[in-house]
Amino acid sequence: MHVDWTALGEVTAVSIAVTVAVVVVFALGVLGVSQAEAAREKDAGGTHALGFVQAGLCFLACVAVVACGIYLIVPQLH
């Protein structure tokens, strides 16, 4: 049995990198919600909308990455 360790290492590295990236993007989304809520409490006018836009874009990116992963894993979707 021959194992291609290079391919396994590449898959592992990409998996870890994508996981870290998704966690960072999700954390930025949570930060956006937090900033929006803080601006709303201060009654800073329309500045809270920017936080919600940031959060929405970050969460949408996370959903897209997860959907792509599911598409690649589930053979019935191809």
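Thr12 is partly exposed, with a relative accessible area of 39%. Partly exposed sits between two cut-offs: buried means under 20% relative accessible area and exposed means over 50%, with a 1.4 Å probe and protein chains only. Thr12 belongs to helix α1. Helices here are DSSP runs of H or I with at least four residues, strands are runs of E with at least two, and both are numbered from the N terminus. The C-alpha atoms of Thr12 and Leu57 are separated by 27 Å. Along the chain, these two residues are 45 residues apart.

The model is predicted: local features need pLDDT of at least 70, side-chain atom pairs count only at pLDDT 80 or more, and totals for chains, interfaces and linings use all residues. Residues are numbered from 1 along each chain as its sequence is written, and side-chain values use heavy atoms, with hydrogens and water left out.

Now follow helix α1. It covers residues 5–42, which makes 38 residues. From its first C-alpha to its last, α1 reaches 55 Å. That is close to the 56 Å expected at 1.5 Å a residue. The expected span is 1.5 Å times one less than the number of residues in the helix.

Val14 also lies in α1. Is Val14 buried or exposed? Val14 is exposed, at a relative accessible area of 51%. Elsewhere in α1, Gly29, Gly32, Ala36 and Ala39 are buried. What covers the buried residues of α1 includes α2, residues 48–73. Just after α1 comes Asp43, which takes a positive phi of about 55°. Val14 and Asp43 are 29 residues apart in sequence. In space, their C-alpha atoms are 43 Å apart.

Turn next to α2. This helix has 26 residues and reaches 38 Å from its first C-alpha to its last. The expected value at 1.5 Å a residue is 38 Å, and the span is close to it. Which residues of α2 are buried? Among them are Gly51, Ala55, Cys58 and Cys62. The buried residues of α2 pack against α1.

How many aromatic pairs does the structure hold? It holds one. Phe26 and Phe59 form this pair, and it is tilted: 5.2 Å centre to centre, with 45° between the planes. The pair links distant parts of the chain, with Phe26 in helix α1 and Phe59 in helix α2, 33 residues apart. Rings of Phe, Tyr and Trp (its six-membered ring) pair if their centres lie within 6.5 Å; planes under 30 degrees apart count as stacked, over 60 as edge-to-face and the rest as tilted. Phe26 is partly exposed, with a relative accessible area of 43%. Phe59 is partly exposed too, at 28% relative accessibility.

Charged side chains come next. A search of the whole structure finds one salt bridge. A salt bridge is a side-chain nitrogen of Lys or Arg within 4 Å of a carboxyl oxygen of Asp or Glu. The side chains of Glu37 and Arg40 meet in a salt bridge, at 3.7 Å from N to O. Glu37 and Arg40 are three residues apart in helix α1, so about one helical turn separates them. Glu37 counts as partly exposed at 31% relative accessibility. Arg40 is partly exposed as well, at 44%. Arg40 also touches His48 and Phe52, leaving aside residues up to four places away in sequence. Contact means heavy atoms within 4.5 Å.

Finish at the surface. Val66, Ile70, Tyr71, Leu72, Ile73 and Leu77 form a nonpolar patch there. Together they have about 610 Å² of accessible area. Such areas come from the Shrake-Rupley method with a 1.4 Å probe; for residues, only the protein chains shown count as cover. Patches are made of residues with over 30% relative accessible area and no salt bridge: like charges are joined within 9 Å, nonpolar side chains (Val, Leu, Ile, Met, Phe, Trp, Tyr) within 5 Å. Leu77 sits in the segment after α2. Leu77 is partly exposed, with a relative accessible area of 46%.
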